[in-house]
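Welcome, and thanks for taking a look at this one with us. Please keep the sequence and the 3D view open side by side while you read.

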Amino acid sequence: MPILFYTFKKFPEAKFQIICDYKRDVLEKYLNVFAKEYDFTLVETTDHGTCAGINAALENIDNQEPFLLMWSDLILSGDFSL
């Protein structure tokens with residue numbers, strides 16, 4: 001299972017902002033087939049660097065809503081909660 005799916009399964013009701021640049025088209029096709037049940041938006045950035053897309057993703061998040069920012073290569077422990 002792709003590591004990103006551990007996060008999907010941990011927070012099935014969440015709205016995901018997925019920042020992507022490299023191979024965006026491949027990721028989009030993959031998620032549209034295998035992650036249809038999750039609420040996600042792909043956020044594309046033309047800037048460079050690890051944190052380049054964070055600003056673009058934050059534009060899609062209400063200032064009053066809590067959010068969790070994490071890299072998709074992390075697997076949270078089973079007892080993790082917000």
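## Starting at Ala 14

In which loop does Ala 14 have its place? Ala 14 sits in the loop between H1 and S1. This is a predicted model, so please read every value below as computed from it.

Ala 14 has a relative accessible area of 26% and is therefore partly exposed, since that class covers the range between 20% and 50%. Ala 14 and Asp 39 are 25 residues apart along the chain, while their C-alpha atoms are separated by 6.9 Å.

## A parallel pair of strands

Let us move on to the strands. S1 (residues 15-20) and S2 (residues 39-44) run parallel, and six bridges join them. To get from S1 to S2, the chain passes through helix H2 (residues 24-34), and this β-α-β crossover is right-handed.

Which residues of S1 make up its covered face, and which its uncovered one? Phe 16, Ile 18 and Cys 20 form the covered face, whereas Lys 15, Gln 17 and Ile 19 form the uncovered one. As a general point, side chains in a regular strand alternate between the two faces of the sheet.

## The largest pocket

The largest pocket holds about 1,200 Å³ of space. It is lined by 41 residues, and those closest to its centre are Phe 16, Gln 17, Ile 18, Ile 19 and Met 70.

Which element gives the largest share of this lining? S1 does, with six residues. Helix H1 (3-10), S1, H2, S2 and helix H3 (54-58) each supply at least two residues of the lining. Sorted by class, the lining of the largest pocket has 27 nonpolar, nine polar and five charged residues.

## The start of the chain

Finally, a look at Met 1, which belongs to the segment before H1. Is Met 1 buried or exposed? Its relative accessibility is 53%, so Met 1 counts as exposed; the cut-off for that class is over 50%.

Leaving out residues up to four places away in sequence, Met 1 touches Tyr 6 and Lys 9. Met 1 and Lys 36 lie 35 residues apart along the chain, with 15 Å separating their C-alpha atoms.

Key: Residues numbered from 1 in each chain as written. Predicted model: local features only at pLDDT ≥ 70, side-chain atom pairs only at ≥ 80, totals over all residues. Heavy atoms only, no water. Pairing = 2+ DSSP bridges. Helix = DSSP H or I, 4+ residues; strand = E, 2+ residues; numbered from the N terminus. Right-handed = clockwise from strand over helix to strand, strands pointing away. 1 Å grid on protein atoms, 1.4 Å probe; cavity = no way out; pocket = protein on both sides within 12 Å on 5 of 7 lines; lining within 4 Å. Points joined across faces, edges and corners; volume = space filled by probe spheres on them. Nonpolar A, V, L, I, M, F, W, Y, C, P; charged D, E, K, R; others polar. Buried < 20%, exposed > 50% of the residue type's maximum accessible area, 1.4 Å probe, protein only. Contact = heavy atoms within 4.5 Å.
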